[in-house]
Amino acid sequence: MLSKRNYKLTPSGDMWKVEAWNDYGMKRTVYEDNVMSASEIIMDWWESSEKEFNKMNIQQKCINNLVKKDLK
């Protein structure tokens, strides 16, 4: 699998806008007070790639089942 990891740090007033993409291309955007905290957010997001992807799949299955039931 080709990794889709990436990040972007943008100054936003007195904070940093953190945009991070994990191995599956899932994006998280947060605002942090300093670059060190921003770096921790990025590393945590990357380390939890598989867990977050699995959670998303479970949520999607639940939503699909609810839609199927609603259509009946």
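## Helix α1 and its surroundings

The buried residues of α1 (35-47) pack against β1 (6-12), β2, β3 and α2, where buried means under 20% relative accessible area, exposed over 50% and partly exposed in between (1.4 Å probe, protein chains only). Packing here rests on contact, that is, heavy atoms within 4.5 Å. Helices (H or I, at least four residues) and strands (E, at least two) are DSSP runs, numbered from the N terminus.

This is a predicted model, in which local features need pLDDT of at least 70 and side-chain atom pairs count only at pLDDT 80 or more, while totals for chains, interfaces and linings use all residues. Residues are numbered from 1 along each chain as its sequence is written, and side-chain values use heavy atoms, leaving out hydrogens and water.

The buried residues in α1 are Ala-38, Ile-42, Trp-45 and Trp-46. They lie on the same side of α1, because they cover an arc of only 100° around the axis; the arc is taken from the directions from the helix axis to the C-beta atoms. Met-36 and Glu-47, on the other side of α1, are exposed.

The 13 residues of α1 should span 18 Å at 1.5 Å a residue, and the end C-alpha atoms are 18 Å apart, which agrees. The expected span is 1.5 Å times one less than the number of residues. At the N-terminal end, Asn-34 caps α1 with a side-chain oxygen 3.2 Å from the backbone nitrogen of Met-36.

## The nonpolar core

Val-18, Ala-20, Met-26, Ala-38, Ile-42, Trp-45 and Trp-46 make up the largest nonpolar core, which has seven residues. Such a core is a set of buried Ala, Val, Leu, Ile, Met, Phe, Trp, Tyr and Cys residues joined through side-chain atoms within 4.5 Å. The largest share, four residues, comes from α1.

## Glu-52 and Trp-45

Glu-52 is found in helix α2 and is buried, with a relative accessible area of 14%. Leaving aside neighbours within four places in sequence, Glu-52 is in contact with Asn-22, Met-26, Arg-28 and Trp-45. The C-alpha atoms of Glu-52 and Met-26 are separated by 8.5 Å, although these residues are 26 apart along the chain.

Not counting residues up to four places away in sequence, Trp-45 touches Glu-52 as well as Ala-20, Trp-21, Asn-22, Met-26, Lys-27 and Arg-28.

Technical notes:
A polar contact is a pair of N or O atoms within 3.5 Å; within protein, one must be able to donate a hydrogen and the other to accept it, and residues adjacent in sequence count only if both atoms are side-chain atoms.
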